[in-house]
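Biologist: I'd like to learn how to read a model like this one. Can we go through it feature by feature?

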Amino acid sequence: MAVRHRLIERRVADVWAVLADGSRYGDWVVGTSDSHPENGAWPEVGSSITYTIRLGRWSVSGSTTVRRCEKPNVLELEVDSGRLGTARIAVEIRPWGENALVIIDEHPLRGPGGTLHNTVVDALIQLRHRTMLARLADVVEHSPALRAAV
């Protein structure tokens, strides 16, 4: 299991505004080049978005489904990466003074990711989370629309 946290110097509501916008998924999720709604109204439970991961000329599509949503503090997702399997990603946003403490907890559920899961994979996920949380912080802290709301 890979758990990582980051203090984002904005309000919980500002972080939630980014997470609740399915079209911004590619702005903060590492490797995702674009996303769009698939089913339901994101981030309602059962809603989903599709996304594309691109590495050079290689690309793969996947989907992410909301499994739990407790606005504005908890968003749990199931990511389906096709042949790579599925993973649970839980994002928790806690108030920390005037700021938001964001905690990401990820682990594989099914497929090769679950079968091959080990401490080396967790270390790679930790690196991905570090980048992902930095990107989320950048989007939240530098978004003109969110700055206007402060």
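Biologist: Let's start with charges: how many salt bridges does the count come to?

Modeller: Keep in mind that this is a predicted model. In general, side chains of opposite charge can pair when their charged atoms come close. Here the count comes to 10 salt bridges.

Biologist: Which residue does Arg110 meet in a salt bridge?

Modeller: Glu78, at 2.3 Å from N to O. That pair links distant parts of the chain, since Arg110 sits in strand β7 and Glu78 in strand β5, 32 residues apart.

Biologist: And is Glu78 buried or exposed?

Modeller: The cut-off for buried is under 20% relative accessible area. Glu78 has 11%, so Glu78 counts as buried.

Biologist: What about Glu92, which residue does its side chain meet in a salt bridge?

Modeller: Arg94, at 2.8 Å. Glu92 is partly exposed at 29% relative accessibility, and Arg94 is partly exposed too, at 38%.

Biologist: Which residues do salt bridges with shared partners join into one network?

Modeller: Arg68, Glu70, Glu76, Arg88 and Asp105. Within that group, the side chains of Arg68 and Glu70 meet at 2.9 Å, N to O. Arg68 is partly exposed at 34%, and Glu70 is partly exposed at 41%.

Biologist: Now the nonpolar side. How should I think about a core?

Modeller: In soluble globular proteins, nonpolar side chains tend to be buried together. In this model the largest nonpolar core has 28 residues.

Biologist: Which members of that core touch the most other members?

Modeller: Val15, Leu19, Tyr25, Trp28, Ile93, Val102 and Leu136. As for where the core comes from, α1, α2, β3, β5, β6, β7 and α4 each supply at least two residues. The largest share, six residues, comes from α4.

Biologist: Take Leu136, then. What does Leu136 touch, leaving out residues up to four places away in sequence?

Modeller: Ile8, Val15, Val18, Leu19, Trp28 and Val102.

Biologist: Is helix α1 mostly covered or mostly uncovered?

Modeller: Mostly covered: α1 spans residues 12-19, and six of its eight residues are buried. Those are Val12, Asp14, Val15, Trp16, Val18 and Leu19.

Note on methods. Residues numbered from 1 in each chain as written. Predicted model: local features only at pLDDT ≥ 70, side-chain atom pairs only at ≥ 80, totals over all residues. Heavy atoms only, no water. Buried < 20%, exposed > 50% of the residue type's maximum accessible area, 1.4 Å probe, protein only. Helix = DSSP H or I, 4+ residues; strand = E, 2+ residues; numbered from the N terminus. Core = buried A, V, L, I, M, F, W, Y, C linked by side-chain atoms within 4.5 Å. Contact = heavy atoms within 4.5 Å. Salt bridge = Lys/Arg side-chain N within 4 Å of Asp/Glu carboxyl O.
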